[in-house]
Structure formats: C-alpha cells, structure tokens
Amino acid sequence: MVGPERPQFVLFGSSIVQYSFSNQGWGAILADLYARKADVLLRGYAGWNSRRAVQILDQVFPKDAAVQPSLVIVYFGGNDSMRPHPDGLGPHVPLPEYIENMRKIALHLKSLSAKTHIIFISAPPISEQQIRETLGDIVPDRVRTNEGCRIYSEACLELCRELDMKAIDLWTAMQQRDDWLTACFTDGIHLSSEGSKIVVKEILKVLREAEWQPSLHWKSLPAEFGDDLFLDVNTPNGMITVNAADLDFYRNENW
C-alpha cells in the first residue's frame with residue numbers, strides 16, 4: 001500500500017477483464033481518466049467462469065481487509081455460455097448455476113462495506129464469422145454463439161434487477177453500432193479499442209447517473225495534490241487559468 005489512500009476500483013472477471021489494459025482497452029482508459037483520483041486494480045483471469053470465481057472470492061475480496069474497494073466492476077458469462085463439452089470438461093456452466101454463482105458474487109461484494117458499490121457487466125455479443133476466421137483452428141464451430149451470449153446476458157440483468165444492483169447490458173449496447181461485427185473485436189470474442197470505448201461509455205453513464213455519495217464519476221472526484229500548480233490553457237472560450245489537475249476536464253472532454 002502506498003499513500004495517500006485513494007478510492008480503489010477493482011475490475012474482476014475473465015479474459016475481457018484481464019486483457020482490458022491491452023489494445024487501448026477499457027481498463028487502460030479508466031486508469032487514465034482516474035489518474036490522481038482512484039487506483040484501478042486488475043483482477044482478470046482469462047478462461048475463467050463464474051464457478052471458478054466463486055471459489056476464490058475470499059482470497060480476492062477478503063472481508064477483513066483494512067481497505068475495501070469503493071467500486072467493483074464484475075464480468076463473467078461469456079465462457080459460462082459456451083456449449084457443454086461431451087466429456088463434461090470445459091468452461092460451460094449451466095444457466096441455473098451461473099445465476100446462483102453470480103448471486104453469490106454479488107452478495108459477497110455487498111457484504112464488504114457500506115461504501116463498496118458494484119456494477120455487473122453482462123455478456124457481450126460475439127462475431128461468429130470472425131471467430132471462424134481467426135480462431136477456427138482452436139475453437140470448434142458453434143461452441144460459442146451470439147444467442148447463447150444473449151441468454152446469459154439476460155439472466156445476469158434479471159438477477160441485477162432482483163438484487164437492485166447496477167448493470168450494463170453490453171450485449172445490446174455493442175449492437176447499437178452498425179459495424180459492430182467488424183469493428184468491436186480483435187478475434188470475434190475479445191474487445192478491440194472500439195469495443196472498449198463502448199464499455200467505458202456505459203460504465204461512465206452508470207457512474208454519472210448513480211445517486212451514490214460521494215459520486216464516483218471521474219469528474220466528481222478530487223485530484224490528489226490538486227492545489228499546487230496552475231496553468232494557462234487555450235479553450236474555445238479563450239485563454240483561462242486552470243489548476244493542473246483539472247486539465248483532465250479538457251483532455252478527456254469526450255468522456
């Protein structure tokens with residue numbers, strides 16, 4: 001632990017989380033936006049499903065930790081939704097078990113502290129054609145389907161409504177873009193920089209609209225040591241003097 005203490009944002013999930021600092025990913029974008037404001041911590045495990053996540057909850061999120069996260073963003077579901085292997089191996093998790101696993105994760109995180117907020121991200125869509133073109137040698141045809149992702153996405157969202165939790169319908173959000181099938185993935189499964197931008201947009205929308213006190217939106221959090229340097233900045237409204245920590249408002253105005 002290094003000081004001063006900042007809010008901790010933990011990204012917890014499978015490969016879409018583990019790889020979120022690659023290819024201008026959504027984890028890297030969040031870390032940049034929250035520089036001097038919050039520490040974005042990565043707990044991503046490629047290949048994992050909700051069953052494996054439940055097994056290590058106490059290790060990743062110990063209830064007796066001296067500092068508890070302010071925000072946990074959770075993604076599991078894509079691997080769970082894969083079709084079952086005939087021998088019973090593989091990452092597939094039956095839908096009823098997936099729902100209960102996600103419930104266990106949610107309840108564990110809720111128990112950490114009153115200040116810990118949670119966002120679940122539902123399974124995104126996939127590009128079946130791109131998977132065949134890029135991963136056809138290692139991923140059997142139709143073992144992952146967009147319809148399977150939809151079913152697990154809807155189950156995650158329904159659980160969040162039941163538990164009164166914030167959720168992002170990524171399956172729907174990504175398909176609002178006309179070229180999502182070709183622009184949003186590196187291999188049909190994992191997110192490109194364009195796909196990651198959609199994730200960040202949806203996360204920031206939740207944080208902006210949530211009635212959490214204090215707000216966790218990046219524009220609302222104070223910058224660490226934010227009162228020690230002022231600069232002249234040329235804006236569309238002319239030259240103004242701003243605190244150096246507030247440069248993010250101009251540098252990241254699109255967010």
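Start in helix H7, residues 146-163, where Arg 150 and Glu 147 both sit, 3 residues apart, about one turn of the helix. Helices here are DSSP runs of H or I of at least four residues, strands are runs of E of at least two, and both are numbered from the N terminus.

Some ground rules. This is a predicted model: local features need pLDDT of at least 70, side-chain atom pairs count only at pLDDT 80 or more, and totals for chains, interfaces and linings use all residues. Residues are numbered from 1 along each chain as its sequence is written, and side-chain values use heavy atoms, with hydrogens and water left out.

Arg 150 and Glu 147 form a salt bridge, 2.3 Å from N to O. That term means a side-chain nitrogen of Lys or Arg within 4 Å of a carboxyl oxygen of Asp or Glu. Arg 150 also bridges to Glu 154, at 3.0 Å between the closest N and O atoms. Glu 154 is in H7 too, 4 residues from Arg 150.

How exposed are they? Arg 150 is partly exposed at 22% relative accessibility (buried is under 20% relative accessible area, exposed over 50%, partly exposed in between; 1.4 Å probe, protein chains only). Glu 147, at 42%, is partly exposed, and so is Glu 154, at 43%.

Next, Arg 6 and Asp 39: a salt bridge at 3.2 Å, N to O. This pair links distant parts of the chain, 33 residues apart: Arg 6 in the segment before strand S1 (8-13), Asp 39 in strand S2 (residues 39-44).

Last, a network of salt bridges links Arg 177, Asp 179, Glu 194 and Lys 197. The count comes to 11 salt bridges.
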